[in-house]
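Okay, thanks for having me, everyone. Let me put the structure up on the screen and then walk you through it.

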Amino acid sequence: MEAASRAGQEISLAALKQHDPYITSIADVTGQVALYSFSPKANEWEKTDIEGTLFVYKRSASPYHVFTIVNRLNMHNLVEPVNKDLEFQLHEPFLLYRNASCEYNFL
């Protein structure tokens with residue numbers, strides 16, 4: 001089973017490198033997530049059109065860590081650099097975060 005997992009990760013790494021040639025390794029993977037965004041106007045969480053596999057990966061150039069959702073619903077993937085402007089809060093089973101654009105989201 002370990003060899004199959006390693007082979008799957010190598011395939012995923014090759015696919016991700018097509019979008020980001022600076023990827024050096026995958027740090028973690030979650031099979032299925034959905035992205036929700038907070039709407040201040042409606043004062044509620046709204047489901048976006050982004051859901052799929054979440055990858056956290058390392059890069060050889062800045063930013064050195066990124067997470068991405070490879071979207072199963074359309075061709076628009078989420079890509080978020082992990083830097084000092086990114087804030088996380090864990091509220092199991094949800095992960096809330098605010099990015100540099102001050103957008104509030106949760107996975």
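Predicted model: local features only at pLDDT ≥ 70, side-chain atom pairs only at ≥ 80, totals over all residues.

Let's start with the pocket: helix H1 is the biggest contributor to the lining of the largest pocket, giving 3 residues.

Residues are numbered from 1 along each chain as its sequence is written, and side-chain values use heavy atoms, with hydrogens and water left out.

Back to the pocket. On a 1 Å grid over the protein atoms alone, a pocket is an open set of points where a 1.4 Å probe fits, with protein on both sides within 12 Å along at least five of seven lines, and a lining residue has an atom within 4 Å of a point. The space in the largest one comes to about 170 Å³, where the volume is what probe spheres set on the points fill, with points joined across faces, edges and corners. Among the lining residues are Ser12, Leu16, His19, Phe55, Val70 and Asn74. What classes do we find in the lining of the largest pocket? There are 5 nonpolar and 6 polar residues, and no charged ones. For that count, Ala, Val, Leu, Ile, Met, Phe, Trp, Tyr, Cys and Pro are nonpolar, Asp, Glu, Lys and Arg are charged, and the others, Gly among them, are polar.

Now the overall layout. The protein chain has 1 helix and 7 strands, and from the N terminus on they run α-β-β-β-β-β-β-β. Its C-alpha atoms fill a box of roughly 45 × 30 × 25 Å along the principal axes. Of the 107 residues in the chain, 28% are buried; buried means under 20% relative accessible area, exposed means over 50%, and partly exposed is in between, with a 1.4 Å probe and protein chains only.

On to the sheet. It's an open sheet of 7 strands in the order E4-E3-E2-E1-E7-E6-E5, with antiparallel pairing; two strands pair if DSSP finds at least two bridges between them. The edge strands are E4 (78-81) and E5, each pairing on one side only.

At the E4 end, E3 and E4 run antiparallel and are joined by 4 bridges, with Thr68 partnered to Val79 in E4. At the other end, E5 (residues 87-91) pairs with E6 (residues 94-98) in the antiparallel sense over 5 bridges, and Glu87 stands opposite Arg98 in E6. Those two strands make a hairpin with 2 residues between them. In that loop between E5 and E6 you'll find Pro93, and the peptide bond from Glu92 to Pro93 is cis, with omega about 5°.

E6 also pairs with E7 (residues 104-106), antiparallel, through 3 bridges, and there Tyr97 has Asn105 as its bridge partner. That hairpin has 5 residues between the strands, and Cys102 takes a positive phi near 65°.

There are a couple of other loops to look at. Ser62 and Pro63 are joined by another cis peptide bond, with omega about -5°, and Pro63 sits in the loop between E2 and E3. Over in the loop between E1 and E2 is Asn43, which has a positive phi of about 55° although it isn't a glycine.

So what makes up the largest nonpolar core? The 9 residues are Val33, Leu35, Ile50, Leu54, Phe67, Ile69, Leu78, Leu86 and Tyr97. Strands E1 (23-39), E2 (44-59) and E3 (65-71) are the elements giving two or more residues to this core. Apart from it lies another core of 7 residues, including Leu13, Ile23, Ile26 and Phe55. By a nonpolar core I mean buried Ala, Val, Leu, Ile, Met, Phe, Trp, Tyr and Cys residues joined through side-chain atoms within 4.5 Å.

Last one: is Leu90 buried or exposed? Leu90, in strand E5, is exposed, with a relative accessible area of 59%.
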